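Hi,

Here is the structure I said I'd pass on.

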Amino acid sequence: YRCNFAKELGCDYVINSAKEDMYEAIMRISNGRGADKSIETTGATPLRKMMVKASAVHGHIVMVGFNEGCRDPQDECLCMFDSSILLRSELILQGSYVMPIGMYEELVRFLLYKGVKLDRMVTHRFPLKDIQKAIDVFDTGNCGKIIINC
């Protein structure tokens with residue numbers, strides 16, 4: 001659902017990680033250069049490791065949020081990749097608990113430039129009293145963005 005939805009919204013490239021290797025797909029799409037900019041929002045340690053490996057020289061990586069394992073300071077995800085890759089490629093690695101308000105203007109410019117129809121991204125709306133139903137729909141993965149009306 002999400003791959004088809006991304007195509008409908010106008011994504012230039014959609015990679016289904018269940019069907020192809022993400023790293024290989026990024027290298028194929030970029031003609032071996034790697035990704036100039038990437039944003040990871042799942043908190044999945046394997047994906048974050050791959051992002052570092054698949055970044056272009058001077059690439060910019062943003063990791064938003066974290067998974068449960070990363071809450072523990074002793075967890076391996078704090079050292080989830082070989083730092084020599086980060087150093088040799090002179091990558092910019094940025095972390096954010098949530099998207100900072102200072103980045104909203106850049107995001108809006110990008111969305112306007114790409115012609116993304118924000119209203120199309122929202123597929124479901126629920127009143128606050130139906131929060132569990134909203135969570136259940138979200139957990140299926142068969143939705144876009146969900147709005148909870150307070």
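Let's start with M99, which counts as partly exposed because its relative accessibility is 31% (buried is under 20% relative accessible area, exposed over 50%, partly exposed in between, with a 1.4 Å probe and protein chains only). By the way, this is a predicted model, where local features need pLDDT of at least 70 and side-chain atom pairs count only at pLDDT 80 or more, while totals for chains, interfaces and linings use all residues. Residues are numbered from 1 along each chain as its sequence is written, and side-chain values use heavy atoms, leaving out hydrogens and water.

You'll find M99 in the loop between strand 3 (92-96) and helix 5 (104-114); helices (H or I, at least four residues) and strands (E, at least two) are DSSP runs, numbered from the N terminus.

Helix 5 is also where L112 sits. With a relative accessible area of 67%, L112 is exposed. Its C-alpha atom is 32 Å from that of P46, and L112 and P46 are 66 residues apart along the chain.

Now for the inside. The largest nonpolar core has 11 residues, including I26, A35, V52, I61 and L91. Such a core is a set of buried Ala, Val, Leu, Ile, Met, Phe, Trp, Tyr and Cys residues joined through side-chain atoms within 4.5 Å. Helix 2 (22-29), helix 3 (45-53) and strand 2 (55-64) each supply at least two residues of this core, and helix 3 gives the most, with 3 residues.

Cheers
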